[in-house]
Structures are given as C-alpha cells and as structure tokens.
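I opened my notebook to keep track of what I looked up in this structure. Here it is, with my entries below.

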Amino acid sequence: MPIQRLNHAVLYVRDVSRSVAFYQEALGFRVVNSFPGAAFLQASGSTNDHDLGLFQIGAQAGPSAAGRSTVGLYHLAWEVDTLAELERVSVKLAEIGSLAGASDHSTTKALYAKDPDGIEFEVSWLVPAALLDEETLAGRSHIRPLDIPKELERYGSQTRGGVGVSI
C-alpha cells in the first residue's frame, strides 16, 4: 500500500511550554496529550490523533545547523483550506514576529516562519486541481514574492485549495 500523507511531525525544543504557547497562538493548535517534557498537539482542522509532538531538551541546546553546516530537516509544511485563512495566518505570524517570508510557487502559495527555537515551517494554500491551467503549471519554474491580495482577486477568499491534489 502506498504512503498516503504525513501524519505528524516530532520536534526537539528547548522549552515545551514556550513552544506549545507559540503553536497555539500562531497556528491554533490544541494540546491533546502531555506529560512532563512532552506535548502532543492537533491542528484545529485535523482528524489526526496529533499533528505535532514536542520533546523538551533544555535551554542548553544549541541552534540547529541544518542546511548551514549539517544535513537535516529544512522545514515542515502545513496546508490551509482557503486563501482567507492564509491571509489570516500571514497577519498573525507577522504580528508575533515569526513571519520570515512569503513565496508564490505558482501552484502553491506559501508563508515561511520560524518558531521560538528557530525551526522553520511553512503554511501553504494549493491551487485546486480544477483551476490548474498551462500557465499556472509552467509558472512552477519560477519563485516570486507572494501577493495575497492579487491571489484573493484571482481565486477568491473561500475557494478550497488542493482539491484533487491533497484532499
């Protein structure tokens, strides 16, 4: 049987309480289970048992060197259903000083942010399969700055993303 999708991610963090508070505020995750030094969070629209596990390793932990001097995970990517939600998340991430960038990959509209430990993550909206055209598919060869108002005008605020691709 083929793999269907990523079920959850697990991160080592300096302080579980700080990380839980961040993911709750930034992305609306909720704690579904915890014990000293660990927490398991679920995204508000998820049916997974949990989407993110956090394990505390302490304040002495050094910064991740992944991508700079060692191999390792670059980022996690979570998907939102609508461009209105992507816009809301963009505003929230900017408000809390976490937003690191925003890119238009043509078929994917992406925000990039960092958590309190500097672990990067992405929040994205995918153009629905029914709206993919030759121009959009060809556009994947170039990454451009994301213009959310332009995308809202083109696709609408409530168009469900990823239908036929990831749903």
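**Helices, strands and overall size**

I started with the parts list: the chain has 4 helices and 9 strands. I took both as DSSP runs numbered from the N terminus, with at least four residues (H or I) for a helix and at least two (E) for a strand. Reading along the sequence, I get β-α-β-β-β-β-α-β-β-β-α-β-α. The radius of gyration, taken over C-alpha atoms, is 17 Å, close to the 15 Å from the globule rule for 167 residues, so the chain is as compact as a globular protein of that length. That rule is 2.2 Å times the number of residues to the power 0.38.

I noted that this is a predicted model, where local features need pLDDT of at least 70, side-chain atom pairs count only at pLDDT 80 or more, and totals for chains, interfaces and linings use all residues. Numbering runs from 1 along each chain as its sequence is written, and side-chain values use heavy atoms, leaving out hydrogens and water.

**Inside the chain**

Next I checked burial (under 20% relative accessible area, 1.4 Å probe, protein chains only): 41% of the 167 residues count as buried.

Which residues touch the most other members of the largest nonpolar core? I found Tyr23, Leu27, Leu52 and Phe121, out of 33 residues. Such a core is a set of buried Ala, Val, Leu, Ile, Met, Phe, Trp, Tyr and Cys residues joined through side-chain atoms within 4.5 Å. Helix H1 (residues 16-27) gives the most to this core, with 6 residues.

I then followed Tyr23, using contact as heavy atoms within 4.5 Å. Leaving out residues up to four places away in sequence, Tyr23 touches several residues, including Leu11, Trp78 and Asp115.

Definitions and conventions:
Buried means under 20% relative accessible area, exposed over 50%, partly exposed in between (1.4 Å probe, protein chains only).
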